[in-house]
Amino acid sequence: MKIGLLGKKIGMTRVYDDKGKATPVTVIEAGGNTLLQTKTTENDGYASVQVGFDTQKEQRVTQPLLGHFKKAGSEPKKRIKEFRLPDGTTLEGAIDLSVSQFAVGDVVDVIGRSKGKGFQGVVRKHNMAGQGQSHGSMMHRRNGAIGNRSTPGRIWKNMGMPGHMGDERVTVQNLKVVQVRPEEGVILISGAVPGANGTYIVIRPAKKVQPEAAK
């Protein structure tokens, strides 16, 4: 059963097929995923697998978490993630948390945190067109009026405004696995993986597989 993996974005490179065609890929380090806990419908009300990734020092972990790790026979981890399983799922035997649970050609979803862009105006953040470019207008890249008379006498919700851009949870769907290297603990994925190099990400089997993505 393909459950999913925690990983770290390493960077980008390219790989060549037997015909010499280059494919840009993102290298994701996903080795070292450790099983921390399994939850069942009978005991917890739902079925899931709790996974830890990336070892850290004991003094950086709270005592309750440290006891949780020791109960699972694991070193302290920086990231913990639960992978929810379909209701009624029963896990039998060992759970495969290595990169080899995915194969070349598999379609996956990748969840990460996008790069932060800082405080941005409406032209960049919301792709607004701006206003007149003539001399003296002083409104070149502003969003313009935001009121709506005395009725309703307030600003509408979800109005496009300047503000912080990026640094938010992003899910990119239907990316294809190009290579799996179990000896190195890495997966090479074709497509736009969110986040900067070194960002922690989640790889899971695709939930909405598109026909063109599976080719």
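Predicted model: local features only at pLDDT ≥ 70, side-chain atom pairs only at ≥ 80, totals over all residues.
Let me start with strands β3 and β4: strand β3, residues 34–39, runs antiparallel to β4 and is joined to it by five bridges, where strands are DSSP runs of at least two E residues, numbered from the N terminus, and two strands pair if DSSP finds at least two bridges between them. Within this pairing, Gln37 has Gln50 of β4 as its bridge partner.

Residues are numbered from 1 along each chain as its sequence is written, and side-chain values use heavy atoms, with hydrogens and water left out.

On its other pairing, β4 meets strand β5, residues 77–84, in the antiparallel sense over seven bridges, and there Phe53 is partnered with Arg79 of β5. Strand β4 itself, residues 48–55, has seven of its eight residues buried, buried being under 20% relative accessible area with a 1.4 Å probe, counting protein chains only.

Turning to the barrel, six strands close in the order β1-β2-β10-β9-β6-β11, with antiparallel pairing.

Finally, which strand holds Lys9? Lys9 lies in strand β1, residues 5–16, and its side chain reaches the backbone oxygen of Gly195 at 2.7 Å.

Methods: Helix = DSSP H or I, 4+ residues; strand = E, 2+ residues; numbered from the N terminus. Polar contact = N/O pair within 3.5 Å; in protein donor to acceptor, adjacent residues only side chain to side chain. Buried < 20%, exposed > 50% of the residue type's maximum accessible area, 1.4 Å probe, protein only.
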